[in-house]
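Please keep the sequence and the three-dimensional view at hand while reading.

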Amino acid sequence: MSTPTRLTRAISVIAHVDHGKTTLSDRLLEFTGTVAPRDMVEQVLDQLDLERERGITIKAQAVRMLYKADDGQTYQINLIDTPGHVDFSYEVSRALAACDGAILVVDASQGIEAQTLANVHQALEHNLKIVPVVNKIDLPQADPELVREEIEKVIGLPAESVIFASARQGIGTKEILEAVVREVPPPTGDPAAPLRALIFDAKFDAYRGVVTYVRVLEGTLRKGVRAQMMQTGKSFEVDEVGIFRPERTPVDDLSAGEVGYLIANIRNVRDSRVGDTVTDAARPASAPLPGYRHVTPMVFAGLFPTDTEQYQQLKEALEKLQLNDAALVYEPETSAALGFGFRCGFLGLLHMEIVQERLEREFNLTLLGTAPTVEYRVRLRNGEEVPVDNPDHLPSPSEIESISEPIVLATIVVPSVYVGNMMQLSQERRGQYLNTVYEPGDRVVLTYRMPLAEIIHDYYDQLKSRSKGYASLDYELVGFEEANLVKLDVLVGGSPVDALSMIVDRTKAQQQGRRLAEKLKTLIPRQLFEVPIQAAIGGKIVARETVPAMRKDVTAKCYGGDVTRKRKLLEKQKEGKKRLKRVGNVEIPQEAFMAVLSLD
Amino acid sequence: MERIHSLYLHVPFCTWVCKYCDFNAYAVLEGLIPAYIDALAREIETAGEALPIGPLDTVFIGGGTPSLLTTEQVRRLMDRVHRIGLAPGAEITLEANPSNVTSEHVDGWLRSGVNRLSVGVQGLQPDALRFLERLHSGSDAIAALRTARAGGFSNINADLLYGVPGVKLAGWLETLEAVLAAGVQHLSAYELTVESKTRLGQEVRTGLVPMPGDDEQLAQYWAAAERLETSGYEHYEISNWSLPGFACRHNLVAWQYRPYLGCGAGAHSMFRRFDRSTERRWNIKGPQAYIKQASASGHAVAGSETLSPERALGEAAMIGVRLLDGTTAARGFPVQRTHLVEAGLLAEHDDLVRLTRRGIELANQVGAAFLV
């Protein structure tokens with residue numbers, strides 16, 4: 001089974017979301033016989049139900065393939081499948097750091113998009129050899145030639161090196177594998193050196209504890225050694241090392257260049273952090289691999305059980321989910337309106353959605369999520385600086401010296417006709433224009449400095465709708481900046497609803513308050529009595545709307561034959577009400593708490 | 001199970017199925033009637049043997065349009081009913097379309113034991129009748145009421161619809177006046193309800209027909225209630241009024257949560273077990289399938305459900321509150337009662353709860369509160 005180092009390759013597949021990365025991975029697995037045709041299901045590497053359903057990859061995956069090339073040699077190709085969404089860009093970067101080459105997939109009908117560029121830049125930073133592939137050439141709207149030209153001009157890869165493929169139809173699979181063994185260099189690490197293995201993912205297995213995904217860059221990882229995590233300093237006895245084919249298969253050792261896993265009775269993924277370096281405690285390497293970053297959440301939201309009795313279950317569910325998701329953080333939160341819940345930190349909006357969906361689905365909970373917010377840094381008059389990730393916790397204006405908010409560098413790639421729309425949108429969202437680059441294929445790359453808060457408030461949806469779906473976005477955090485911000489409060493039925501508070505730009509606060517009240521009026525269903533909705537800034541009411549009382553709800557006919565139907569109808573309505581949260585006397589639906597996200 | 005004293009017989013045939021109707025009724029299947037009567041007679045017979053039923057206090061022959069049956073067919077059904085046994089003074093209702101209320105029919109119905117006639121007047125104004133796709137005229141309907149009375153019926157109900165597009169409050173009150181003048185002991189006034197699976201439902205969905213708003217419908221409802229009260233009619237259920245002593249006893253059985261047997265296509269039955277659980281059963285809906293099944297085996301049950309004593313209690317309260325004199329069925333729900341009283345939907349007198357005016361307008365909110 002052992003393959004000489006010169007015949008080993010480690011690659012990743014990179015692409016903008018939806019360009020067909022995972023389908024291409026499926027084809028590679030099939031073509032190399034790694035997965036027998038009868039075991040082939042779509043998205044082999046996506047193991048979560050949610051991943052298959054949504055057609056997205058959330059966790060990185062790894063698999064070892066054996067490929068007999070045209071030169072007669074059998075190569076060991078280690079493939080790492082990465083998440084495509086911007087929320088998980090750090091995971092992507094670590095996966096890339098574990099590779100020597102990357103297959104770049106570009107959709108023949110979409111061309112280069114924001115994350116294509118972001119991924120290419122990352123791949124180049126890691127010195128990866130790139131194998132460019134134009135995918136989906138079978139689509140009627142495909143224009144492979146144009147995309148090939150784009151790849152040459154924008155990314156600088158020679159047009160001749162571009163492979164045309166259709167992962168769906170299996171076109172080009174062999175050419176891609178040949179290019180990989182020909183173009184991607186073999187690993188260079190010394191198997192005899194002190195061990196340095198990069199962790200690029202970790203997942204929790206209920207029976208074995210944490211399974212740590214690693215690529216050995218130097219030295220050899222053997223069963224029985226004491227593995228030391230160089231960042232956290234913790235060490236664990238290695239019970240098992242193995243490879244993915246694609247299921248876990250134990251081997252004696254993993255030597256420099258190889259990709260696989262280790263199991264060492266680690267009980268929490270936090271002790272096996274993505275980006276950390278594993279070494280041998282008995283013969284440690286002198287320095288960890290570069291590039292480790294502690295993953296910090298970017299957006300925060302409250303999660304509350306709609307049924308207060310589910311609090312304990314939610315707590316246990318979060319604990320379990322966290323075992324498998326190092327990026328998820330949470331702490332208890334009490335809301336006057338919503339009761340006991342948790343303030344959770346996420347990598348981004350998709351991550352938040354996924355966590356909520358997994359909690360509800362896998363743990364059978366009914367949850368109410370509050371609108372996501374960023375973390376502000378508030379400087380107080382007394383000189384202290386406090387982080388605020390919950391608008392309701394903003395100190396009173398008299399105590400505040402200044403408020404700073406997180407700023408991102410946003411890259412928008414869009415066809416030139418929509419540039420005006422994109423600029424207008426970004427301006428409205430307090431964006432600071434930086435740069436425009438015109439690319440071939442009628443494509444423009446815009447860069448803006450923008451408050452992250454604006455991005456999480458519906459910016460992406462607006463970007464898509466104002467560009468007929470063509471614009472793509474990537475962003476990275478660049479720092480904090482002082483801003484003129486104020487807290488907007490909402491009163492429903494006369495009582496303040498803390499979970500509806502938001503922090504907004506002072507100049508837009510009044511307008512936002514009016515829009516929020518109008519929006520809530522459409523979202524809060526009629527109740528037995530009239531419900532006033534008010535928006536207030538610092539105790540001053542700036543907007544008021546009223547949800548009129550329910551007028552009529554009566555069934556005219558109810559005879560012997562109608563009873564079952566009527567009861568079922570009422571039961572169904574009642575079931576629907578479970579998704580409403582009772583705040584005082586008023587029943588408020590989940591959507592109302594998200595209303596602040598889309599006020600345009 | 002508890003002994004059953006009420007029987008419903010369903011006749012699923014109509015000359016024309018009006019566009020708002022979502023009952024189990026079929027046009028152009030009239031040719032099936034003889035076979036259907038055979039099957040229905042067989043089902044009554046079998047049920048009479050298998051269940052603790054009779055003597056019957058109430059019988060209700062509904063539809064569809066039972067008045068499409070010949071008097072001979074009605075007599076055959078009533079023969080079977082007699083074999084189960086009738087209590088002295090039993091109430092026996094037949095539903096009739098105004099077009100079929102001839103003196104011959106009236107005579108035949110009375111002879112076979114029917115003593116209450118429920119006439120589907122629905123409306124009197126030409127526009128309303130056209131909209132509702134009724135095949136009779138307003139004067140046909142009034143004539144039908146007079147014929148029934150003249151022929152010997154002393155317990156007559158008229159079914160009416162309000163909230164019909166195009167009919168304003170004044171027009172509705174005129175209709176009501178004319179029906180009262182014809183002399184009825186009982187009156188059911190239903191809001192025209194848009195059921196999604198009907199043609200009306202489709203027309204409303206596609207915007208072809210604008211329905212009157214809640215305020216307009218309630219105005220017509222309360223105006224009728226006031227007018228009927230003036231003439232001494234008691235408002236005893238959300239949509240039903242009667243002169244003293246003429247409340248529909250058959251329907252009271254359902255509202256008071258007592259058991260009944262339903263025979264015929266799509267008919268529902270309700271049985272009460274001694275452990276206070278409730279069983280509901282329903283028959284095969286399609287007439288042809290019903291005929292096939294009932295003729296072969298004597299029964300045609302398509303499905304059933306059993307409600308635990310707790311859920312049965314909630315269901316009883318859900319239905320019971322529709323009775324405007326009040327009900328004791330909500331006894332077991334003190335928390336819900338308090339909440340509904342505070343919200344102004346219920347009034348409480350010891351064990352009894354009664355819908356307030358606002359409670360009537362929001363009766364589904366009240367009913368739903370008792371479902372656990």
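In which loop is Gly64(B) found? Gly64(B) belongs to the loop between strand S2 (53–63) and helix H2 (71–84) of chain B. Helices and strands are DSSP runs numbered from the N terminus, with helices being H or I of at least four residues and strands being E of at least two.

## Basis of the model

The model is predicted: local features need pLDDT of at least 70, side-chain atom pairs count only at pLDDT 80 or more, and totals for chains, interfaces and linings use all residues. Residues are numbered from 1 along each chain as its sequence is written, chains are lettered from A and ligands numbered from 1 in the order in which they are written, and side-chain values use heavy atoms, with hydrogens and water left out.

## Overall form of chain B

Chain B contains 14 helices and 14 strands. Its radius of gyration is 20 Å, close to the 21 Å given by the globule rule for 372 residues, so chain B is as compact as a globular protein of that length. The radius is taken over C-alpha atoms, and the rule is 2.2 Å times the number of residues to the power 0.38.

The C-alpha trace of chain B spans about 55 × 50 × 45 Å along its principal axes. Of the 372 residues in chain B, 58% are buried. Buried denotes under 20% relative accessible area, exposed over 50%, and partly exposed the range in between (1.4 Å probe, protein chains only).

## Sheets and strand pairing

In chain A, eight strands make up an open sheet with antiparallel pairing, in the order S11-S10-S16-S7-S8-S15-S12-S13. From one strand to the next the twist averages 40°. Two strands count as paired if DSSP finds at least two bridges between them. Axes are lines fitted to C-alpha atoms, for helices over the stretch in contact, and angles run from 0 to 180 degrees between N-to-C directions. Strand S12 (residues 240–244) of chain A pairs with S13(A) in the antiparallel sense over four bridges, and Val241(A) stands opposite Val251(A) in S13(A). Elsewhere in chain A, strand S4 (residues 101–107) and S5(A) pair in the parallel sense over seven bridges, with Asp107(A) opposite Asn135(A) in S5(A). Strand S5 (residues 129–135) of chain A is mostly covered, as six of its seven residues are buried.

Chain B has an open sheet of nine strands with mixed pairing, ordered S7-S8-S6-S5-S4-S3-S2-S1-S9. Strands S7 (234–237) and S9 (261–263) of chain B form the edges, each pairing on one side only. Neighbouring strands of this sheet are turned by 20° against each other on average, direction ignored. S7(B) and strand S8 (residues 240–242) of chain B pair in the antiparallel sense over three bridges; Glu234(B) stands opposite Ser242(B) in S8(B).

## Backbone features

The peptide bond from Gly63(B) to Gly64(B) is cis, with omega near 20°. In chain A, the bond from Arg245(A) to Pro246(A) is cis, with omega near -15°; Pro246(A) lies in the loop between S12 and S13 of chain A.

Positive phi values occur in residues other than glycine. Phi of Asn364(A) is near 55°, and Asn364(A) lies in the loop between helix H8 (349–363) and strand S20 (367–369) of chain A. Asn364(A) is exposed, with a relative accessible area of 64%. Gln122(B) has a positive phi of about 65° and lies in strand S4 (residues 116–122) of chain B. Gln122(B) is buried, at 10% relative accessibility.

Rolling a probe the size of a water molecule over the atoms shows where empty space is left. A cavity is a set of points, on a 1 Å grid over the protein atoms alone, where a 1.4 Å probe fits but cannot get out; lining residues have an atom within 4 Å of a point.

Among the 25 residues lining the largest cavity, the closest to its centre are Arg343(A), Ala371(A), Pro391(A), Ala499(A) and Ser501(A). Strand S18 (329–335), helix H10 (452–465) and strand S29 (502–505) of chain A are the elements that give two or more residues to this lining. S18(A) supplies the largest share, three residues. The lining divides into 13 nonpolar, eight polar and four charged residues. Here Ala, Val, Leu, Ile, Met, Phe, Trp, Tyr, Cys and Pro count as nonpolar, Asp, Glu, Lys and Arg as charged, and the others, Gly among them, as polar.

How values were computed:
1 Å grid on protein atoms, 1.4 Å probe; cavity = no way out; pocket = protein on both sides within 12 Å on 5 of 7 lines; lining within 4 Å.
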